[in-house]
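Trainee: Please take a close look at one part of this model, the paired strands and the core beside them. I would like one connected account.

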Amino acid sequence: MPITIFYLFLSQMMLFGIIRVYENQLYLYRLTENHYKAQTLLAYTDYWLKEHNKISSPENRIVPASLYFEEGIVHCVADASGKVTATVTLQNAYSETLVLEILSPE
């Protein structure tokens, strides 16, 4: 009888350990997926800002307050030095921030 209880205890510990490993793997997958989506939206925002400001002067820069996508929203805040702080917020509340620099033509 004690051997059976000990065997059940060890098998339960092994089962909980395996479940914990899979939980951690799933969490890491979701985190990686969210990071990929956020970086994609930030890269597109960088491209959009550079394309729309190719020929504009620093005084006439076009910086939208927000860009809306199916996956989330990118909020942009410009400062006087030509840098734009872009903050992406995905639908599941994951958020990342990136400082972009719009180069003006000389």
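Mentor: Two strands are said to pair if DSSP finds at least two bridges between them. The model is a predicted one. Strand 3 and strand 4 (residues 95-101) run antiparallel and are joined by 7 bridges. Within this pairing, Val 84 has Leu 100 of strand 4 standing opposite. The hairpin that these strands form has 4 residues between the strands, and Ala 93 in that hairpin takes a positive phi near 75 degrees.

As for side chains, those of a regular strand alternate between the two faces of the sheet.

Now the core. The largest nonpolar core has 15 residues. Leu 49, Val 74, Ala 86 and Val 88 are those with the most contacts inside it. Two or more residues come from each of helix 1 (2-52), strand 2 (72-78) and strand 3 (83-90). Helix 1 gives the most, with 5 residues.

Val 74 shows how these parts meet. Leaving aside residues up to four places away in sequence, Val 74 touches Leu 41, Thr 45, Ala 65, Ser 66, Leu 67, Phe 69, Ala 86, Thr 87 and Val 88.

Between the C-alpha atoms of Val 21 and Asp 46 the separation is 37 Å, with the two residues 25 apart along the chain.

Conventions:
Residues are numbered from 1 along each chain as its sequence is written. This is a predicted model: local features need pLDDT of at least 70, side-chain atom pairs count only at pLDDT 80 or more; totals for chains, interfaces and linings use all residues. Side-chain values use heavy atoms; hydrogens and water are left out. A nonpolar core is a set of buried Ala, Val, Leu, Ile, Met, Phe, Trp, Tyr and Cys residues joined through side-chain atoms within 4.5 Å. Buried means under 20% relative accessible area, exposed over 50%, partly exposed in between (1.4 Å probe, protein chains only). Contact means heavy atoms within 4.5 Å.
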